Structures are given as C-alpha cells and as structure tokens.
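Visitor: I would like a close look at one helix. Please walk me through that part, and then show me what else stands out.

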Amino acid sequence: MKKTATALVLAILISACATAPPAEEPPESSDTSPQAETRFSDEILREIGICSPRSLKRALDGLGVNEVGTSEEGLELRHLTVALFQILYPELSSGLPSVPMPPGSLYAPLLETVRKGQFPQVRQEDVSFLTLIIPPLSSLFTSDPVVLEQCEENLLQAESLDTRSVLPPYLLGIIREKQKLWDKAQEYYTKALERDSSCYPADLGWARAAFQTGEPAEAEKRLETWSEELAENAEYLYLRSQACFLQGRYTEALDFITEALRIRIEHPPYLLLRVKILEAQGNVEQARRILLIVEKKMPENEDIVYLKGRILFKQEQYDEAAIFLEGALKKYGTSDRLSGLYGEVLIAAGKYEEARRYLEAKLENTPEHVPSLRILIRDSLDRGNLEKAEEYTVRLLRLDESNDTLRTAAELYRLLENWEKTLEYSEILHNRQPEDRRIRILYIESLLETGQRVMAEEECLKALAEETDSTTRSTLFYILSRILTDTPRRLDALRSALLENLHNLDALSALADLYVELEDYRKAFRYINQAYMLNPNDPDIRSSYRKIEELAR
C-alpha cells in the first residue's frame with residue numbers, strides 16, 4: 001500500500017511540474033558502444049546533479065532500462081540516487097528499490113559522514129560536480145557554524161558551475177534559515193523552486209521563514225498547493241498547523257497537529273505546538289499535562305518556560321507565576337515574551353504600580369521593547385487613559401507595523417474619534433486581511449466618518465454581497481442606513497438589519513429615531529421599547545425610551 005502511495009505522489013509531482021522546462025528523457029538505446037555508454041552516463045549524472053524529485057526519478061528510470069545500470073558504475077549511481085531521495089525527499093523513498101553500494105564506492109563514505117552532520121573531505125582527484133554538492137548535505141543534519149560555512153563555500157562554487165541544480169539554492173536556503181536570515185532564506189528557496197517546482201522542501205522552507213517574517217497567510221497559500229501530495233507528510237501537517245495557529249484559527253490548527261502526531265507519535269516539537277494551541281484555546285489543564293510529557297522528552301527552552309508561565313497565569317496562580325518568571329528571567333533575561341508576561345502577571349495580581357515601574361524601566365533600558373509597550377497600552381485603555389495609550393501607541397508604531405499593532409492603533413483612534421488616523425490604519429489592515437470582518441467594518445465606518453460617502457457605500461454593498469454571517473450582515477445593513485440619505489432606503493436597510501439579527505440594538509435605536517423624524521411616534525416607541533427590553537441599563541437607550549414614551553402618549 002505504501003509503495004502505491006509513493007508511486008502516486010511521484011506521478012503527481014512529475015505531472016505538476018509544467019512550469020519547469022522539459023528535460024530530455026534518458027535514452028533507451030540498443031547502442032552499446034563505449035561512446036553511447038559515456039553519453040548515457042553523462043546524462044544520468046546530469047539528472048542526479050539537478051537533484052529534484054523529477055530528475056532523480058528520471059535517473060532511476062534510465063538506469064533501470066539500460067545495461068549501464070547493471071554495471072558497477074550503474075549500481076553505484078542507483079544507490080546514490082536512492083540515498084539522495086532518502087535524505088532530501090524521504091516521503092518518496094519508501095517504494096524505491098534497495099540497491100547495495102558496490103565495494104570501494106566513492107560516494108558511500110561521503111554519505112555516511114554527511115548523515116553524522118559532518119563535512120566530508122574529498123580528494124583532489126575525486127572532485128566532480130557531485131562530490132562538490134554531496135558534502136553540503138551535512139547542513140541538513142547540523143547547525144554547527146563551522147560546518148555551515150564549509151557547506152556554503154562548496155555550494156557557491158557549485159552554483160558558479162551549473163545553474164540547473166536545485167541543491168545549491170535549496171541548501172543555501174537551509175543555511176540562511178539556520179542563521180535566522182529569513183529574507184535571504186526565502187530568496188534561495190524561491191530560486192530552487194524556479195529551477196524545478198517539484199522541489200517541495202523548498203516550499204516548506206519558504207513557509208517556515210515566512211512564519212518568522214510575520215507572513216503566515218502567505219505561508220499557508222504556499223502550503224495549500226501541496227495539500228494532496230503531502231497529505232501524509234507529518235512535517236507538512238505540522239507547518240499547516242502552525243499557519244492556522246499564527247492566524248488564530250485554533251480548531252483547524254488542532255486538527256492538523258493531531259494528524260501530524262498520528263504519523264509521528266509523541267514527537268516533542270509537535271507536542272509542544274499542541275500545548276500552544278490548547279493554551280490559546282483556554283484548555284489549560286490539558287495543555288499543562290502534555291507540557292509535562294514534553295519536558296521529559298526535550299531539553300528546556302524558552303518556549304517551554306514561556307508556556308509554563310502562561311499556564312500558571314491562566315490558572316490565576318499569580319504569585320507562583322511571578323516567582324517562576326523572576327527565576328526564568330535570570331536565565332532568559334533578553335526574552336521579550338517572558339518580560340512581557342511578567343508585566344502582565346504583576347498587573348493581574350493587582351500590583352499595578354510595580355508592573356508599570358517594571359515595564360517603564362524595561363523601556364528605559366530597551367526602548368524598542370514591544371511587549372512592554374503592548375501591555376502598557378492595554379493597561380492605559382483599562383484605566384481609560386486614552387492620552388497615555390496614544391503616547392505608547394505612537395512609540396509602538398515606530399517599532400512594529402504588524403497586523404496586531406495596526407489593529408491596536410485603528411481601535412484606539414476610533415475611541416479617540418480621530419477618523420483620519422482610523423482610516424489610515426484600517427485601510428492598510430483591510431488590504432492585508434480582506435477577510436477580517438471587524439477590520440472591514442471599521443474601514444467602512446472610517447470612510448463614512450471622513451466624508452467619503454460614495455466609496456463607503458460601494459465597500460458596504462460589496463461586503464454585503466460577499467458576507468454570509470448574519471450578525472455581520474446586520475451590522476453592515478445598519479452602517480448602510482447611516483450612509484444613505486433618502487428615507488425609504490434607510491428604512492429598508494434598517495429593516496434588513498433586523499431581519500438578519502433581531503437583537504441589533506443600534507438598528508432598533510436608529511429605527512426609533514427615524515420614526516421620530518417621520519413623527520410616527522407609535523412605531524418609534526415599538527422599536528425603542530424592544531431595545532430597552534434587551535438592554536435596560538444602557539444610558540442612551542434609557543434616555544431615548546423616556547423621551548419617545550412621552551411623545552407616544
């Protein structure tokens with residue numbers, strides 16, 4: 001069954017590569033002259049050197065139909081090709097033939113050393129394109145900077161000799177990723193895919209780098225293109241889970257990581273992501289239990305420490321969390337997340353002044369400390385100090401233009417009724433995340449409040465044509481009623497708002513006000529009465545109720 005699946009995946013990968021230039025198939029020739037055998041060997045070496053799933057498959061197919069494939073050299077190349085599949089594309093290797101490496105093989109010791117994460121040395125007389133690109137495979141098995149430097153030197157040399165191989169740009173992407181040079185990593189991964197789109201690990205690498213550069217939605221688009229081919233690939237499912245998690249879609253994230261753990265049972269990094277998802281969902285006790293398993297399986301790291309602190313915080317064990325984080329900060333003193341969490345814990349414990357002093361001191365020493373600014377903004381908003389919140393928000397915007405920061409700015413300026421600023425940030429966010437309902441509504445409101453009524457109406461009608469959620473549609477119809485100027489259309493819009501959601505207080509109040517304008521006080525009272533019944537404690541509704549009640553008598 002597994003061999004059939006592998007064959008299917010190979011077939012899909014090969015057929016999916018229409019964007020790459022067609023390569024010549026290794027010839028099936030009856031010519032057994034030395035010249036023909038030499039030409040055939042050169043073509044096989046070229047295919048192996050390209051090192052994509054498609055080219056390696058062609059090499060194996062060619063070796064299987066030519067007499068050269070049964071020679072000592074042919075057996076060596078078949079073993080090498082299968083070994084490259086196992087190292088680079090392990091999902092595709094399970095159905096491949098097992099070929100023993102002939103004694104005295106040049107490639108066997110190189111491959112053995114590579115798998116140990118060491119850089120093998122090649123004798124001068126054995127140097128070829130293949131012996132140039134095989135040693136850098138060790139970059140897949142180590143993060144040792146010395147080894148990575150040796151790998152890079154070989155890869156740059158190989159790149160200058162042949163620009164058809166996917167291996168130099170792919171492995172240079174791996175090296176840049178390990179050096180945390182995310183943009184450079186993405187550039188190299190893109191170059192590998194331009195050479196042969198069947199090199200799916202480059203797409204996975206691009207997605208990993210995109211998570212670090214704050215592009216989970218773009219990463220998800222890349223990953224979705226492999227949904228059929230890699231449906232049983234644990235690493236792929238893990239990355240899909242990360243993409244959903246980083247976009248706040250925790251149920252989907254949990255589904256993907258559950259599938260990944262079915263394939264790689266209790267794999268620590270996958271378990272750790274499961275803990276993150278559960279903690280974010282509020283399943284704190286379950287997250288705590290799984291974290292205990294993770295701690296036994298992998299060395300302590302900042303992620304584990306942060307999650308332990310978060311779980312204590314969520315369990316409202318504030319004193320214990322504060323003590324734990326004080327100790328953690330001695331070890332991970334430069335951690336933005338831990339120091340931010342410590343400030344949150346102090347605030348939750350009611351130690352407001354201590355928290356503010358700590359966070360302000362953190363900002364004094366590290367003016368670019370984003371977590372401190374975020375917490376101080378929330379604290380200022382909770383205290384109703386919008387002026388202070390704006391001061392921190394302006395500082396935050398200089399340091400960070402992530403979606404979270406822009407959302408904070410847009411929401412704050414809405415509270416301040418600074419609609420020009422609200423429009424500025426909500427428009428950027430809407431362009432980045434057109435599917436975000438809250439931002440779309442804020443953007444349309446901003447257009448209306450800044451006098452751009454025509455554009456506001458266009459955007460509102462477009463949103464209504466695309467939206468399926470009844471509560472959101474009700475809000476949009478209410479906003480449309482504010483955009484429109486003629487009474488009949490305003491009435492229609494407000495009635496539509498109530499058809500979508502009978503509990504829309506804004507629509508009920510607006511209808512009451514509109515009927516007051518029309519001097520139909522009985523209808524006005526009917527709608528304000530409904531609003532009052534739903535929320536009698538709202539001061540604006542209570543005031544309107546009393547006025548309209550008087551008019552309706």
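**A close look at helix α25**

Guide: Helix α25 covers residues 453-466, 14 residues in total. From its first C-alpha to its last it reaches 20 Å, close to the 20 Å expected at 1.5 Å a residue. Keep in mind that this is a predicted model.

Start with the inward side. A456, E459, C460, A463 and L464 are buried in α25. Seen down the helix axis, these buried residues fall within an arc of 135 degrees, so they line one face of α25. What do they pack against? The buried residues of α25 meet α23, α24 (437-449) and α26 (470-483). The face turned away from the buried side carries V454, E458 and A465, which are exposed.

L464 leads on to the cores. The largest nonpolar core has 90 residues. Among those with the most contacts inside it are I48, Y89, I134 and Y170. A second, separate core has 36 residues, and L464 of α25 belongs to it. L511, Y515 and A524 are also included in that second core. In soluble globular proteins, nonpolar side chains tend to be buried together.

Leaving aside its neighbours within four places in sequence, Y170 is in contact with L88, L140, Y189, A192, P201 and A202.

Next, a buried charge. K362 sits in helix α19, residues 352-365. K362 is buried, yet it has no salt bridge. Its nearest side chain of opposite charge is D336, 5.8 Å away. A salt bridge here needs a nitrogen-to-oxygen distance within 4 Å. What does K362 touch? Not counting residues up to four places away in sequence, K362 touches G333, S339, H369 and S372.

K180 lies in the loop between α8 (167-178) and α9 (182-195). Phi of K180 is near 60 degrees, a positive value in a residue other than glycine. K180 is exposed, with a relative accessible area of 61%.

E417 lies in the loop between α22 (403-415) and α23 (419-432). Its phi is also positive, near 55 degrees, and E417 is not a glycine. Is E417 buried or exposed? E417 is exposed, with a relative accessible area of 61%.

That loop brings us back to the helix we began with.

How values were computed. Residues are numbered from 1 along each chain as its sequence is written. This is a predicted model: local features need pLDDT of at least 70, side-chain atom pairs count only at pLDDT 80 or more; totals for chains, interfaces and linings use all residues. Side-chain values use heavy atoms; hydrogens and water are left out. Helices (H or I, at least four residues) and strands (E, at least two) are DSSP runs, numbered from the N terminus. Buried means under 20% relative accessible area, exposed over 50%, partly exposed in between (1.4 Å probe, protein chains only). Lys and Arg count as positive and Asp and Glu as negative; His and the chain ends are not counted. Contact means heavy atoms within 4.5 Å. A nonpolar core is a set of buried Ala, Val, Leu, Ile, Met, Phe, Trp, Tyr and Cys residues joined through side-chain atoms within 4.5 Å. The expected span of a helix is 1.5 Å times one less than its number of residues. The arc is that of the directions from the helix axis to the C-beta atoms.
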